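Dear colleague,

Please find the structure below. My notes on it follow.

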Amino acid sequence: MNNKDLQQLVEEISDSFFGKPFSHSALFNNRLRTTGGRYLLKSHNIEINPKYYDEFGMETLVGIIKHELCHYHLHLEGKGYKHRDADFKKLMKNVGAPRFCQPLPFKQQKQTLQLYRCEKCGKLYKRKRKVDTKKYVCGICRGKLIYIGRDTLQ
Ligand SMILES: [Zn+2]
Ligand SMILES: [Zn+2]
């Protein structure tokens, strides 16, 4: 998939889902990091993060394009084109677009860990789920585990 293919795809999606032409440029931008794509208010161009396509494929790419086209068409029509605007939310729903520019923050996915500490030897345990401290004891000294809270990994 190159810029020419992308341009064609964006034009097709614009025609079939929005019933309106896309008459600006769509380009891949390697420098985008955490967003799947962005709409540029000044040039009216759409930039797409190629990593999202490489990693997640066509369905994700189409979702990102729909999302950016919502910004695009509403902005050109002088309507509410921002995420919080009612016009935006409505159009997103109509075309079945994902709500955010970053539908899949694959590297930033947060994971919550449950932290336990052994009462006796002090060893720290991190578990994805809560454990039954009546059943599970310290693997080193068989001491009792005490729940000390949650930790969020980036
Ligand atoms: Zn957006
Ligand atoms: Zn222990």
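L124 is partly exposed, having a relative accessible area of 36% (buried means under 20% relative accessible area, exposed over 50%, partly exposed in between, with a 1.4 Å probe and protein chains only). This is a predicted model, in which local features need pLDDT of at least 70 and side-chain atom pairs count only at pLDDT 80 or more, while totals for chains, interfaces and linings use all residues. Residues are numbered from 1 along each chain as its sequence is written, chains are lettered from A and ligands numbered from 1 in the order in which they are written, and side-chain values use heavy atoms, with hydrogens and water left out.

L124 belongs to strand 5, residues 124-127 (strands are DSSP runs of E, at least two residues, numbered from the N terminus). Together with I146 and I148, L124 makes a nonpolar surface patch of about 230 Å². Such patches join nonpolar side chains (Val, Leu, Ile, Met, Phe, Trp, Tyr) within 5 Å, from residues with over 30% relative accessible area and no salt bridge (a side-chain nitrogen of Lys or Arg within 4 Å of a carboxyl oxygen of Asp or Glu); areas come from the Shrake-Rupley method with a 1.4 Å probe.

The zinc ion (ligand 2) is coordinated at 2.3 Å by the SG atoms of C118, C121, C138 and C141 (donors are N, O and S atoms within 2.8 Å of the metal, or 3.2 Å for Na, K and Ca). The four donor atoms subtend angles of 98 to 118°, so the arrangement is tetrahedral (all angles between 85 and 135 degrees). C118 is buried at 3% relative accessibility, whereas C121 is partly exposed at 39%.

Yours sincerely

Conventions: Patch = residues over 30% accessible without salt bridge, like charges linked within 9 Å, V, L, I, M, F, W, Y side chains within 5 Å. Helix = DSSP H or I, 4+ residues; strand = E, 2+ residues; numbered from the N terminus. Tetrahedral: all angles 85-135°; square planar, octahedral: opposite > 155°, others 65-115°.
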